[in-house]
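Thanks for coming. I have one structure to go through today, and I will keep to a few places in it. Please have a look at it first.

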Protein chains: 2
Amino acid sequence: MSIYRPQIGTPLAELDTPCMIVDLDALEHNFDVIADLYADSPTKMREHAKNIKTPIILHKQIRAGGTMGGICTAKTAEAEVMVEGGLTDILITSQVVAPDKLARVAALSKIADIKLSVDSDGPLNELSRISSEMGADVGVVLEVDTSMGRGGVRAIERGVELAKMTNDLPGVTFRGVMSHQSLAAGADNDRESRFIEGRRYIQMCLDVKDAIEAEGISVDIVSTGETWTYDVAPEIPGVDEVQGGTYALMATQADYMDAFQYAVKVLSTVISTPESNVAVGDVGYRAMTSPGGVLPRVDGIVGVEVESLEADVIVLRSDGEMPLDVGDQFLLLSAQQDIMVNRWDQFVAVRNGKVEAVWPILARGCHH
Amino acid sequence: MSIYRPQIGTPLAELDTPCMIVDLDALEHNFDVIADLYADSPTKMREHAKNIKTPIILHKQIRAGGTMGGICTAKTAEAEVMVEGGLTDILITSQVVAPDKLARVAALSKIADIKLSVDSDGPLNELSRISSEMGADVGVVLEVDTSMGRGGVRAIERGVELAKMTNDLPGVTFRGVMSHQSLAAGADNDRESRFIEGRRYIQMCLDVKDAIEAEGISVDIVSTGETWTYDVAPEIPGVDEVQGGTYALMATQADYMDAFQYAVKVLSTVISTPESNVAVGDVGYRAMTSPGGVLPRVDGIVGVEVESLEADVIVLRSDGEMPLDVGDQFLLLSAQQDIMVNRWDQFVAVRNGKVEAVWPILARGCHH
């Protein structure tokens, strides 16, 4: 069994399904939105690779403009794939603590500008020891927890303490602060709400930055925000970078972000029509996702809804006669691509209904 | 970036994390339960490969006993991997309709005993045409919908019609009937409830079999049931095969099935302890799962619960002081492995706390 790889030029209708496609016009539109918005702003995008997992897509945003020239990764192995894929400026946003992984981070820092998120003494000391032994220099970015309730320091004083400690250690260089926000369930997503809430969270990160600078330590990176605040963050003085992820491929969970188009869709074929208003498609939750029970949407067919997502099939129901027959194809929009892209081996990149490229998802399995 | 592959003999404590491990003693226990229960029964296991995706694990059940010598797969590509991995009797449980895939199924039938689930005329005629042109012979198993509301015929007469049609076509041979049941949310899972409900669903499949036999068509396979009815099905005369999946690796969603042990677990390392009763681990929902919001469980640490699963991290909370420090490892039990195993590249097989084998998950990306 070799991985299915369609020929360039194959029309959509002839693709073997299920197939995850990326619409290049939509993707480039999304990248242009960022390029335009951030063109004259000191705030720049640092696109998150965690959901995209594919160097070429990240290069496309960097070439389109609006970025600071680098990206985020969530994992060490993801950072390795990205450096091997030609990215030169990487912020690893989760803490790394195992000595062998810290050595990998230090090794990477010899061939790219690597910054690691840190929030506690032990790993910081270990990183310093390993990095200096290897003659390396790893950037340290202090994570501040502003709403997620996961990693990140939770008090200004603790942040200042770690910044000072970093400043005194060999093999590491203090570079700045970062935070990520949580999109509280039920929060309003209109621009004003995002402005008020987003600003409040980001301000907590800026407060830590100010306290560190007051100690005479230079903070050259404030990396914060996400798709939810992409248009809010540039209006907050002091925000250098926005860690946007969802905007590039888009997902129905962020459908209020109407500046962006759906770039990633899943193509499926009807394999059964057991009732006159029911159709069963050949893709299930092993390949897609239903986070918290939110189902995918059928793209562009009025009156047809997703009734359920099973392990390997999807069930559609129409409000009248089902317009889809056995063998017909349809496109699905995912509620979330964060949990979906790494289930696939490749993006099939499509323009004007034909395959223009096939991009392997190189960091797909890179959980460690 | 090459995929991490631990050396044989590596102790659990030295594994790079996150790491999906399979405990060989538990796995073999689960296989022995089936071997013992089905030893003297005409009903045999046809283990489902859809969640396991790895030929060697399926071979282990066949060698342990209690099976009919073959397996199920959900997808064509999965069947290809399994035939290449030495399995010789395969029932593909989802309908296949695209001509290129039907040709792949027919090609496979020249090197293994392949049976395909069918529920409508169009694909059946197409399969017959393609298979006979190729000089192949594909087994046809009629799917009967008994509770899932997805593919499968929904009336006895329709089943009889398709069986007769199959009987008259070249390149295909009618082999039998199959069904799958749905475990209704909130249904009781004690043995008596499973017996009553399971029997009711399975009887619908047997009714179709009887009607087909009454037409003088031989039905040599009745393939039905699942883990939920593994101990019920052998008591129903006429059931030849049980399509069990979950029992092999187990998952907390099936914890009432106390005959089986948890064989698959995920090893994680604490990367942050931002509060005295909070620990953050290095695995998230990209590698694990939270179907319908059901979180993983921490294995064997009293008073420590999973608070949330994020994209790349997990947050644990203890009812007193957190017993885990930064750098400590812990094991997680998944609510469901159906949606989890195909996110990983390999099983790290462990016995007595040491790596005994590393098994690539060969059918991981085989969605088509």
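How many bridges join strand β7 of chain B to β8(B), and do the two run parallel or antiparallel? There are three bridges, and the strands run parallel. Before I go further: this is a predicted model.

Let me stay with that sheet. Strand β7 of chain B covers residues 172-178, and within this pairing B:Val177 stands opposite B:Val222 of β8(B). Strand β8, residues 221-224 of chain B, also pairs with β9, residues 241-242. Here two bridges join them, and again the run is parallel. B:Ser223 has B:Glu241 in β9(B) as its bridge partner.

Now the faces of β8(B). In a regular strand, side chains alternate between the two faces of the sheet. In β8(B), B:Ile221 and B:Ser223 lie on one side, B:Val222 and B:Thr224 on the other, and all four are buried. Both faces of the strand are therefore covered.

B:Asp282 sits in the loop between β11 (278-281) and β12 (297-298) of chain B. B:Asp282 is buried, and it has no salt bridge.

What the side chain of B:Asp282 does have is a polar contact with the side chain of B:Thr17, at 2.5 Å.

Chain A superposes on chain B by a rotation of 180° with 0.0 Å of shift along the axis, at an RMSD of 0.0 Å. This is the relation of a two-fold axis. In chain A, the residue that comes closest to the rotation axis is A:Gly292, with its C-alpha at 2.3 Å. Of the interface residues of chain A, 98% are also interface residues in chain B, so the copies meet through the same surface.

Last, a helix. In α2 of chain B, residues 55-64, the buried residues include B:Pro55, B:Ile57, B:Leu58 and B:His59, as well as B:Lys60 and B:Gln61. Just after α2(B) comes B:Gly65, with a positive phi of about 110°.

Notes. Residues numbered from 1 in each chain as written. Chains lettered and ligands numbered in written order. Predicted model: local features only at pLDDT ≥ 70, side-chain atom pairs only at ≥ 80, totals over all residues. Heavy atoms only, no water. Buried < 20%, exposed > 50% of the residue type's maximum accessible area, 1.4 Å probe, protein only. Lys, Arg positive; Asp, Glu negative; His and termini not counted. Salt bridge = Lys/Arg side-chain N within 4 Å of Asp/Glu carboxyl O. Polar contact = N/O pair within 3.5 Å; in protein donor to acceptor, adjacent residues only side chain to side chain. Pairing = 2+ DSSP bridges. Least-squares fit on C-alpha atoms with pLDDT ≥ 70 in both. Contact = heavy atoms within 4.5 Å.
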